[in-house]
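Take a look at the fold below. The text then goes through it residue by residue and helix by helix.

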Amino acid sequence: MRLDAGDRRAPGSEPSAAREAGDRLRVIARRRARLAPALVLASLVLLAILPVLESYRMQQLWRELTTVIEPARSLVTRMQAALALEAAGTRGYLLTGEPRFAERFARARESRRSAEARLLPLARRIDPAIAARVEEMTRGFRAADAVLDSLYAGHISRQQYLTRIDAQQSRFQGLVDAAARLDDSIGRVSDATRERIRRTGLTSALLTIGLVLLAVSAAALVSRLGEALTESEERFRQTAENIDDLIWLADPGLRRYLFVNAAYERIWGRTARSLYEHPESWMDAVHPDDRERVRAAAASAAQEGAIDLEFRVVRPDGEI
């Protein structure tokens with residue numbers, strides 16, 4: 001009889017083709033079965049991580065939009081309104097010389113300068129080019145303010161100011177146009193950011209749907225592979241139970257038997273259950289004169305691979 005340490009099979013005849021085919025089916029099924037759970041696990045991990053990352057990205061974009069871009073655009077609008085009020089106050093003062101128009105101008109200019117001071121830090125966070133436009137516009141305001149300060153401080157009369165009105169109007173119109181261009185630039189940034197938020201949300205939804213489908217598909221594959229593995233093992237069991245060769249499967253140390261076919265009971269004359277409960281019991285049936293050789297061969301099987309060994313089995317009724 002043969003001890004095959006490579007396959008951990010029991011003492012018996014040469015492995016049959018049916019037995020080897022069963023083993024191969026089980027190995028293939030097990031390898032495939034490992035892949036599907038890995039896909040399920042990977043899908044679940046990605047489902048946990050990617051939405052968090054996408055959510056964080058969307059929060060960053062929304063924060064940039066609501067705390068930087070839109071406030072900057074509101075300040076530009078405030079500056080444009082202040083410019084219109086400054087112009088109206090100056091016209092009223094030039095026509096009437098009444099102090100109330102000078103006060104209206106002063107309040108409008110204070111509002112515009114306050115908006116300028118708050119706008120520049122935000123513009124620097126949005127884009128260096130936009131920040132450069134704000135700085136250039138601020139220098140233009142300072143040049144225009146110098147002439148108006150001379151008017152309201154009484155350094156030049158209204159008549160003298162009127163001699164410079166064309167140059168001042170041209171400067172003022174340039175500032176109005178610069179503010180409009182700045183508003184357009186920030187508006188484009190706002191629109192682009194909103195589009196990025198929309199695309200991020202869409203991408204996140206598509207990724208989530210894709211990962212859910214992947215997880216479902218992998219779970220279905222796990223189920224199918226599990227069924228295939230069960231069917232393969234059942235075919236192996238049926239094949240093993242219906243051949244005359246003695247077949248058993250055990251762990252590498254022969255400390256636990258996983259399967260033994262009906263031929264064990266026929267050849268050894270002992271129940272398979274006794275082997276499961278007492279893994280060394282098969283050795284008790286080996287003829288006393290052969291027992292040491294068999295024990296030594298079984299002990300060295302793990303190092304030497306397949307071993308051919310002929311020995312005798314004594315059945316409980318005394319038959320050899």
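Y93 touches E98, F101, A102, L151, Y152 and R158, once its neighbours within four places in sequence are set aside. The model is a predicted one, and Y93 sits in its helix α1, which covers residues 17-96. Is Y93 buried or exposed? The relative accessibility of Y93 is 15%, so this tyrosine counts as buried; the cut-off for buried is under 20%. Among the partners of Y93 is Y152. In sequence, Y93 and Y152 are 59 residues apart. In space, their C-alpha atoms are 9.0 Å apart.

A102 is on the α2 side of the contact between α2 and α3, and Y152 is on the α3 side. Helix α2 runs over residues 99-126 and helix α3 over residues 128-152. How are two packed helices described? An angle over 145 degrees counts as roughly antiparallel, so α2 is roughly antiparallel to α3. Their crossing is left-handed.

Which residues make this contact? From α2 come A102, F105, R109, R112, R113, E116, L119, L120, A123, R124 and I126. From α3 come I130, A131, V134, E135, T138, F141, R142, D145, L148, D149 and Y152. By class, the contact residues of α2 and α3 divide into twelve nonpolar, one polar and nine charged.

Which residues surround R112 beyond its neighbours within four places in sequence? R112 is in contact with M79, A82, E86, F141, R142 and D145. Of these, F141, R142 and D145 are also listed on the α3 side of the helix contact. M79 is 33 residues from R112 along the chain. Between the C-alpha atoms of R112 and M79 the separation is 4.8 Å.

Next comes helix α5, residues 165-241, where T193 is found. T193 has 3% relative accessibility and therefore counts as buried. Its contacts, leaving aside neighbours within four places in sequence, are L61, L65 and I69.

How accessible is I243? With a relative accessible area of 22%, I243 is partly exposed. A263 is 20 residues away from I243 along the chain. The C-alpha atoms of I243 and A263 are separated by 7.8 Å.

Now step back to the whole chain. The protein has nine helices and five strands. Along the sequence, these elements follow the pattern β-β-α-α-α-α-α-β-β-α-α-α-α-β. The protein has 320 residues, and 38% of them count as buried. What share of the contacts with a separation of 6 or more joins residues 24 or more positions apart? Such pairs account for 65% of those contacts. The pair R112 and M79, in contact and 33 residues apart along the chain, is one example. The accessible surface comes to about 18,300 Å². Carbon and sulfur atoms hold 56% of that surface.

How values were computed: Residues numbered from 1 in each chain as written. Predicted model: local features only at pLDDT ≥ 70, side-chain atom pairs only at ≥ 80, totals over all residues. Heavy atoms only, no water. Axes fitted to C-alpha atoms, helices over the stretch in contact; angles between N-to-C directions. Helix = DSSP H or I, 4+ residues; strand = E, 2+ residues; numbered from the N terminus. Parallel < 35°, antiparallel > 145°, perpendicular 65-115°, else oblique. Left-handed = near helix turned anticlockwise from the far one by under 90°. Contact = heavy atoms within 4.5 Å. Nonpolar A, V, L, I, M, F, W, Y, C, P; charged D, E, K, R; others polar. Buried < 20%, exposed > 50% of the residue type's maximum accessible area, 1.4 Å probe, protein only. Areas by Shrake-Rupley, 256 points an atom, 1.4 Å probe, with all protein chains shown as cover.
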